[in-house]
Amino acid sequence: MNLLIASSEVAPFAKTGGLADVVGSLPKPLHKLGHDVAVIMPLYRTVRQNCKKLTPTKARIEILVGREAVSAAIMKSTIPGSRAPIYFVDCPQYYDRDELYGPKGKDYPDNAARFIFFSRAVLETIKALEMDVDVIHCNDWQTGLIPVYLKTLYKPDPALSKTGTVFTIHNLAYQGLFWHWDMKLTGLSWSLFNWGELEFFGKLNLMKGGLVFADVLNTVSKTYAKEIQTTDEFGKGLEGILCLRSHDLYGIVNGVDYDVWNPAKDPLIPANYSPGKLAGKGACKKALQKNNGLPTADVPLIGMIGRLDPQKGWDLVEDIIDDLMKRDLQLVILGTGMERYHKLLEHIAKAYPDKAGVNLTFDNRLAHEIEAGADMFLMPSRYEPCGLNQLYSLKYGTVPIVRRTGGLADTIVDCTPASLDAQEANGFSFGEYSTGALLDAIDRALAAYADRKVWAKVRKIGMKQDWSWKRSAKEYEALYGKVREKHRAEGS
Ligand code: ADP
């Protein structure tokens, strides 16, 4: 099949979260399965810094955004470690900025225009480069209008007549909600602005467009696929639409790129190691302790990496921190995001200088160093569509402690005598979103750490598991096949 993956971020070119890792790594296994895969994203300022070789293509596109004619050149490079081409929509007025979406977790005021333009630019690029695309794989709200355009404005276009869409939800909490007059920027008919299509409580909802118009939908774990159809807490007001499309909604857990996240060959960590040769992990721990100003003692070290957002369970961390710090352990945290959590973490650093290392920045190398140097990795998420860090942790022998929700529930098996015997225990998990349940899970992990035999076993089970794209890429292949079937059936 000829596949085009459209995404607002792709590692290593531009990244704020897991979406970038997923889109940066999925093309390789799809290519191995025999498909032609290309990727397309906006040309942000960071792309120029992170991409050594950018070459122009013949394509130059122009799109009406409201009344303004906005043009872009299309540049090209390749996804590192593969031959998959990646196209960049070079429109400096929208994308040549310091941030991807806005400063300090806030949105740029013209985000509607920026991503309405991007969605349409994807279709114009296909036409300008005369690409032959069977399936466009859309990701999150920034690409939500692609399926809408294909079934409306671009429906009569023969160059796109065979092209179907899959829309992947990476996080339903970000929907691309804009005031209703931004509808004028889309060039679409106002008749689409109704509660069954693009309107959401009086606003324009770009994610909803993708959910209503894409041929097939999926999200990044089976449990999250179920959760988002149940309550408003998970569905964020879109649970009704998702229930209506239940038969077209699938769940596929993200895979890990073990060329990038693998302690045996990771160039970003102080020493390499593998399940049979763990000495390097000790060296990584010592270096992490030193770099965070912590004593190089033999105490359990808990790592945390993530956006400073209520989703990630920082409120629970706030509530347990004084209790937690009474225990014999160390904590190293890396994150950026909301101001109130910056303050919380600054307080933790000040109150517990010998026990906690806090890093309020976005630092990929440090993320690798924490995965390698910590003994345990904490993810007490309120909800978690898939989660990648727990999968990286497994490979790095850093035992995850997670809340049983979404992808965390699908990937982490709580350590009990029975799950240990069955060789399935790979971490510790808790169900209720409460301080008591969280502390209980941490205490069980600390007790297991103290029992070297048990700890070695849990760690080894995790390290030997295979969470690469092998299995998930095949599931995506099947999904693209469904898109094609459905699109053909609708066309005939
Ligand atoms: P989400 O996409 O919800 O943010 P995921 O667990 O799916 O969460 O993916 C997060 C990705 O972003 C991981 O690769 C993680 O290491 C990375 N990451 C998050 N915060 C930081 C940070 N402050 N510095 C470096 N990497 C980070």
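Two strands pair if DSSP finds at least two bridges between them. The views below apply this to a predicted model.

**View 1. A three-stranded open sheet with antiparallel pairing, in the order S8-S10-S9.**
The edge strands here are S8 (177-179) and S9 (199-200), each of which pairs on one side only. S9 is joined to S10 (residues 203-205) by two bridges, and these two strands run antiparallel. Phe200 has Lys203 in S10 as its bridge partner. Helix H8 (residues 206-213) packs on this sheet and touches S8, S9 and S10. The direction of H8 makes about 50 degrees with that of S10.

**View 2. A six-stranded open sheet with parallel pairing.**
The strand order is S15-S14-S13-S16-S17-S18. S15 and S18 (428-430) are the edge strands, and each pairs on one side only. From one strand to the next, the twist averages 15 degrees. Helix H13 packs on the sheet, where it touches S13 (301-305), S14 and S18. The direction of H13 makes about 155 degrees with that of S14.

**View 3. The parallel strands S14 and S15, joined by four bridges.**
S14 covers residues 330-334 and S15 covers residues 356-359. Between the two strands the chain passes through helix H14 (residues 339-351), and this β-α-β crossover is right-handed. Leu331 has Ala356 in S15 as its bridge partner. Val332 stands opposite Gly357, which is also in S15. In a regular strand the side chains alternate between the two faces of the sheet.

**View 4. The packing of helix H13 (residues 314-324) with H14.**
The axes of H13 and H14 come within 11 Å and cross at roughly 30 degrees. Angles under 35 degrees count as roughly parallel, and H13 and H14 are therefore roughly parallel to each other. Their crossing is left-handed. On the H13 side, Trp314, Asp315, Glu318 and Ile321 take part in the contact. They meet Arg340, Tyr341, Leu344, Leu345 and Ile348 in H14. By class, this contact of H13 with H14 has six nonpolar and three charged residues, and no polar ones.

**View 5. The packing of helix H12 (residues 279-291) with helix H15 (residues 364-373).**
The axes of H12 and H15 lie 8 Å apart, and the helices pack at an angle of about 125 degrees. H12 and H15 are therefore oblique to each other. H12 passes H15 in a left-handed crossing. The H12 residues in the contact are Lys281, Cys284, Lys285, Leu288 and Asn291. In H15 they meet Leu366, Glu369, Ile370, Glu371, Ala372 and Gly373. The residues of the contact of H12 with H15 divide into five nonpolar, four charged and two polar.

**View 6. Backbone geometry at Pro12 and Asp140.**
Most residues other than glycine have a negative phi, and most peptide bonds are trans. The peptide bond from Ala11 to Pro12 is cis, with omega near 5 degrees. Pro12 sits in the loop between strand S1 (2-6) and helix H1 (18-25). Asp140 is not a glycine, yet its phi is positive, at about 60 degrees. Asp140 is placed in the loop between strand S6 (135-139) and helix H6 (145-151).

Note on methods. Residues numbered from 1 in each chain as written. Predicted model: local features only at pLDDT ≥ 70, side-chain atom pairs only at ≥ 80, totals over all residues. Heavy atoms only, no water. Right-handed = clockwise from strand over helix to strand, strands pointing away. Axes fitted to C-alpha atoms, helices over the stretch in contact; angles between N-to-C directions. Parallel < 35°, antiparallel > 145°, perpendicular 65-115°, else oblique. Left-handed = near helix turned anticlockwise from the far one by under 90°. Contact = heavy atoms within 4.5 Å. Nonpolar A, V, L, I, M, F, W, Y, C, P; charged D, E, K, R; others polar.
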